[in-house]
Amino acid sequence: MASLQVSGMVVSGSSSSCCSHKSLVRATINGPKIRIGPLSLPRLSNKDFIEELGIRSGGYGIPITTQMENGSGPKNSSSDPVVVAKLYAIMEAVADRIEMHKNIGEQRDNWNHLLLSSIHAMTLTAATMCGLAAASASGEPLAGLKVSSTILYLAATGMLAIMNKIQPSQLAEEQRNAARLFKQLHGQIQTLLSVGSPTVSDVNEATENVLALDKAYPLPLLGAMLERYPSSVEPAVWWPQQGRKQAKGLGKKIEGNGWNRELEDEMREIVGVLKRKDKADYLRLSEKALKAHKVLAFSGPLLTGLGALGSAFVGATNPWAVILGVAGGALASVVIAMEHGGQVGMIFEMYRSNAGFFKLMEESIESNINETNVWGRENGQVYEMKVALQLGRSLSDLRNLAASSPLRNIGVDTEEEFGSKLF
């Protein structure tokens, strides 16, 4: 019984009669006793949908899967504690790599700015001193300016050769890409642990993804640095090339796991567009960037070396020495600004990575449509939406892109558009 008691005093008035006694007012409110027990919520079973989404990014993917029984639908199973512990250990290693690549990327970006500023200053100073030495009459001031200009030119030549070898702007771009892809992998493992049923194969795949990224974007400079001037351009590859497990479908939710002949034909057309247009275009741009990269990398040290040679003979009877010393420094400054100020190495790496992104999309689509068992694929509707988002398109845009393919419009003179609207 719950009761509420209120007591108060009756206020005396001075009008007609006075009450000198006290009144006690007690009010008791009776009501049913309410028992507050633990609040129970219904258990939300979202595995049938969420764990089959196969959340993957454009880098690689750890499919969120369940085991299949006789290929007829998903089969739920409890997670092995050892498997979960291994995935947490991998996730910690991935988080550490994210921080390492981020810090090293910032460091190498600073290298690019500091070395660029230093070499620019040395080159322009050497050219100025060479001109002053030529304008001087004779004697010790001439010799001092000549020697100083030659030393600065030689130092700039050596530093520029080293800078062209390591390409700090390209190194920084590699580390930025690595940090972004490791973040994607970290998020995929988190999602798998949250809503999936991880297995030993998931642990192996996560390990393969980490090792593939380590190989694609190495941290050390000596012995493991990527080739800066390759003989041929190939798309960047940062995912395991073999043994990639396919994501499972939604099972009982959709008949045929969301796939039909029309969707398969649409995906094949998308693969064709990506091969003919997007990947081919970025490989073509990569080749152009590589050619410009090689020419500028060779021209810079050559011009500073000629400047050093000219400054060493300033004051002789040959007037070409001063022209070579001053003009060589001026032209070298222009070349250095174009190569490292314009970050040609970074542009080459960016184009190569974009080509790798489209190559990964091709392999992912082909691995799904070539899987004979539809339950061994990602769900068709989810996968179509994912492809559309990766290309920066809506579902209707994606279908229109496939419908406008030249293979479906033989004899019609139409210009094929690029598959991606993002870059």
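Why are R284 and D281 separated by about one helical turn? Select both: being three residues apart in helix α6, they sit about one turn from each other. Helices here are DSSP runs of H or I with at least four residues, numbered from the N terminus.

Before moving on, a word about what is on your screen. This is a predicted model, where local features need pLDDT of at least 70 and side-chain atom pairs count only at pLDDT 80 or more, while totals for chains, interfaces and linings use all residues. Residues are numbered from 1 along each chain as its sequence is written, and side-chain values use heavy atoms, leaving out hydrogens and water.

**Stop one: charged pairs**

Stay with R284, which forms a salt bridge with D281, their closest N and O atoms being 2.3 Å apart. (A salt bridge is a side-chain nitrogen of Lys or Arg within 4 Å of a carboxyl oxygen of Asp or Glu.) D281 is buried at 18% relative accessible area, whereas R284 is partly exposed at 39%. (Buried means under 20%, exposed over 50%, and partly exposed in between, using a 1.4 Å probe and protein chains only.)

Now select E366 and K275, whose side chains meet in a salt bridge of 3.0 Å, N to O. This pair links distant parts of the chain: E366 is in helix α8 and K275 in helix α6, 91 residues apart.

**Stop two: aromatic rings**

Next, pick Y282 and F358. Their rings form a stacked pair, 5.9 Å centre to centre with 25 degrees between the planes. Y282 belongs to helix α6 and F358 to helix α8, 76 residues apart. Both Y282 and F358 are buried.

For an edge-to-face pair, jump to W238 and W239, at 5.2 Å centre to centre and 85 degrees between the planes.

**Stop three: the core**

Leaving aside neighbours within four places in sequence, V387 is in contact (heavy atoms within 4.5 Å) with M267, I270, M361, I365 and L398.

Terms used
Rings of Phe, Tyr and Trp (its six-membered ring) pair if their centres lie within 6.5 Å; planes under 30 degrees apart count as stacked, over 60 as edge-to-face and the rest as tilted. Helices (H or I, at least four residues) and strands (E, at least two) are DSSP runs, numbered from the N terminus.
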